[in-house]
Every structure is written in structure tokens, then in C-alpha cells.
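Here's a quick tour of a predicted protein model. Have the structure open and follow the sheet as we go.

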Amino acid sequence: MKLEIILRTCDHSNVHNDWRVRYVNKSKVDIIKGCVKSLLNSCKGISDISMIILDDHSSQETLEWLKSNLEESKINGSVISLEGNGYNNSSYEQWKLCRDSDADLVYSIEDDYLHHPNAIHEMLDSFQLFCDRLKRDDIVLY
């Protein structure tokens with residue numbers, strides 16, 4: 001089963017014009033790093049996997065960190081710097097990639113999720129179970 005992960009990132013300190021409080025008391029960069037580290041750790045041992053990171057104008061330092069960690073993980077993938085900016089643009093680009101993917105399962109995610117070490121394995125197992133029980137392979141999970 002081929003899995004493609006499409007992750008959106010943006011390290012701007014506050015894209016919501018100061019109306020949101022970050023309850024974890026961490027910088028946006030630290031949140032992105034936690035997300036990516038936990039995601040890559042959860043992908044260990046999965047052979048047929050690729051990852052696209054869509055970045056919305058993060059700093060050069062963040063982009064280099066993303067590229068370096070993706071390369072070190074040995075996961076086939078790339079970091080794409082978006083031309084347009086903002087949530088609507090990055091979300092639109094993400095959904096276009098999801099629509100056009102040839103993977104069996106596409107995992108669409110933003111940069112503020114943490115993953116249990118078994119999360120991706122459990123997701124793949126659950127997807128396979130759904131397919132087997134429903135006798136279909138065109139299932140969309142949100």
C-alpha cells in the first residue's frame with residue numbers, strides 16, 4: 001500500500017493577527033519541529049511512503065531544517081515553497097495534490113499535530129481493515 005503524506009507548514013509567529021493564544025507556550029518553529037519529528041518517527045519501518053511539505057514562506061532556517069530532516073529520514077519527498085501565501089492558497093494547493101496523488105492513501109496534515117510512534121502504522125492498518133470490510137479501495141476519511 002502506497003502512502004503519501006502532504007504536510008503544510010508556515011513558521012510565521014502569528015498568522016491570525018494576534019487573536020489566538022498559543023496554549024503550549026512554544027514558538028511556531030518549535031511546534032513545526034515537534035510535528036515533523038513525531039511524524040517522521042511514526043513513519044519508521046514503512047517502505048512505500050512519500051512526503052510533500054508545502055511551505056508558506058517560512059524562514060530560510062526553517063526550510064533548511066525541513067529539507068535536512070526529510071533527507072535524513074530516507075523518506076522519498078520534497079519541500080515545496082509556495083508562490084502565493086495564506087491559508088486559502090496553501091490549503092487549495094494541498095487539496096490539489098491530494099486529488100492528483102496516485103497513492104493508495106493520502107494523509108493530509110497541518111504543522112501543529114503530534115504523532116504517537118505507532119500512529120502511521122495504526123492508520124495504515126485501519127485503512128486496510130476498512131477496505132477489506134467494505135470491499136472497496138476508494139474510501140475517503142476525514
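## Around the sheet

Start with L3, which sits opposite L105 in β4. On another strand, β2, the bridge partner of L3 is I49. A word on the names: helices (H or I, at least four residues) and strands (E, at least two) are DSSP runs, numbered from the N terminus. Two strands count as paired if DSSP finds at least two bridges between them.

This is a predicted model, where local features need pLDDT of at least 70 and side-chain atom pairs count only at pLDDT 80 or more, while totals for chains, interfaces and linings use all residues. Numbering starts from 1 along each chain as its sequence is written, and side-chain values use heavy atoms, with hydrogens and water left out.

Going from the N terminus, the elements run β-α-β-α-β-α-β-α, which gives four helices and four strands. The strands form an open sheet in the order β3-β2-β1-β4, with parallel pairing. β3 (76-81) and β4 (105-110) are at the edges with a single partner strand each, so one side of each has no neighbour in the sheet. From one strand to the next, the twist averages 15 degrees.

Here are the pairings:

| Strand pair | Sense | Bridges |
|---|---|---|
| β1 and β4 | parallel | six bridges |
| β1 and β2 | parallel | seven bridges |
| β2 and β3 | parallel | six bridges |

Now look at β2 (49-55). Seven of its seven residues are buried, so β2 is largely enclosed by the rest of the structure. Buried here means under 20% relative accessible area (exposed is over 50%, partly exposed in between; 1.4 Å probe, protein chains only). I49, M51, I53 and D55 point one way from β2, S50, I52 and L54 point the other way, and all are buried. D55 also has a bridge partner in β3, namely S81.

What about the helices? Helix α2 (residues 60-73) lies across β1, β2 and β3, at about 170 degrees to β3. Helix α4 (residues 119-134) lies across β1 and β4, at about 140 degrees to β4. Axes are lines fitted to C-alpha atoms, for helices over the stretch in contact (heavy atoms within 4.5 Å), and angles run from 0 to 180 degrees between N-to-C directions. Together, β2, α2 and β3 make a right-handed β-α-β unit: with the strands pointing away from the viewer, the path from the first strand over the helix to the second runs clockwise.

Zooming out, 38% of the 142 residues count as buried.
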